Amino acid sequence: MSEKTTWERFFDAHAPIYDDNVFTKNTIREVDFLLDELHLPPGGSVLDVGCGTGRHAIELAKRGYAVTGLDLSSEMLSRAADAAKAESVHVEWIRTNATQFTFPEKYDAAVCLCEGAFGLLGQSDDPIDQPLSILCNVSRSLKPQARAVFTVANAAAMIRKYQNKDVAEGRFDPLNMVESSEHAPRQGLPAIAVRERAFVPTELILLFRIAGMSVLNTWGGTAGNWGRRPLEMDEIEIMVVACKAAELLAAGGTAKPRV
Ligand SMILES: C[S@@+](CC[C@H](N)C(=O)[O-])C[C@H]1O[C@@H](n2cnc3c(N)ncnc32)[C@H](O)[C@@H]1O
């Protein structure tokens, strides 16, 4: 791959402490929830985009599914591989940019969780092309009717955080829903400037539709508080449950929400 993106540098440096984050502590309940939504056949195949240290991928593998975990950060993947070994489960780990991979139509489901790649913009990424290319790649990788669950940054919460002064000073771009900020990946390391894109549910429905998927439901999806419940204005993440629906798209239709 070419030169490291800012998020790759960030997660490479953050990897040793990623699993200390409070939002990573609900993996078992999250996987229970995913399995209710994904309608997987026994032993089915799952693609985890932006899998990080592999917490969902490994738990899914422990429950008998064939999992591929994809991530940009070699340090996150290295921890994922160690954790899978410690649990004696097999997961296929692939280091690639989620905007660039191509797999055949072979997965029974896909997940992209806690903003795993989706909307984590490199310095030159276009705010529409980046998420759309990830959706197209995921859609192409799925079998017809296969389901996907994404949790992505919520624009309502991002907008409410900022004032005109922040726009003038470059911290928030309201035209593209992009936040620019600097974070130290861990204590003692210099801050890295990163860009993060947030989304409104209607544009998510449209982006998924362009990529050949139908959104079945949009719910509140903040880590630690997943549920089949309405999105709250200030919560960090939106959950999208979708299915690959070539026939519906060709017919110009949309799927009815299902619960
Ligand atoms: C906040 S973590 C989420 C990890 C995991 N999904 C979870 O729920 O714990 C975001 C992950 O996305 C990865 N990532 C960021 N941009 C990416 C890209 N363009 N392609 C693939 N992975 C990316 C990062 O390396 C990081 O591991």
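Strand 1 (residues 45-49) has five of its five residues buried, so this strand is largely enclosed by the rest of the structure. Keep in mind as you look around that this is a predicted model.

**Inside strand 1**
- Ser45, Leu47 and Val49 point one way from strand 1, while Val46 and Asp48 point the other way.
- Whichever way they point, all of these residues are buried.

**The neighbours of strand 1**
- Strands of a sheet pair through backbone hydrogen bonds, and the pairing can be parallel or antiparallel.
- With strand 2, strand 1 pairs in the parallel sense over five bridges, and Ser45 stands opposite Ala66 of strand 2.
- Strand 1, helix 3 (residues 55-62) and strand 2 together make a right-handed β-α-β unit.
- Strand 4 also runs parallel to strand 1, joined to it by three bridges; here Val46 stands opposite Ala109.

- How many strands form the open sheet, and in what order? There are seven, in the order 3-2-1-4-6-11-10, with mixed pairing.
- Strand 3 (92-95) and strand 10 (213-220) stand at the edges with a single partner strand each, so one side of each has no neighbour in the sheet.
- From one strand to the next, the twist averages 15°.

**Further along the sheet**
- Strand 4 (residues 107-112) pairs with strand 6 (residues 142-153) in the parallel sense over five bridges.
- In this pair, Tyr107 stands opposite Leu142 of strand 6.

**A helix across the strands**
- Helix 4 (residues 74-86) lies across strand 2 (66-71) and strand 3, and runs at about 170° to strand 3.

Definitions and conventions. Residues numbered from 1 in each chain as written. Predicted model: local features only at pLDDT ≥ 70, side-chain atom pairs only at ≥ 80, totals over all residues. Heavy atoms only, no water. Pairing = 2+ DSSP bridges. Helix = DSSP H or I, 4+ residues; strand = E, 2+ residues; numbered from the N terminus. Axes fitted to C-alpha atoms, helices over the stretch in contact; angles between N-to-C directions. Contact = heavy atoms within 4.5 Å. Buried < 20%, exposed > 50% of the residue type's maximum accessible area, 1.4 Å probe, protein only. Right-handed = clockwise from strand over helix to strand, strands pointing away.
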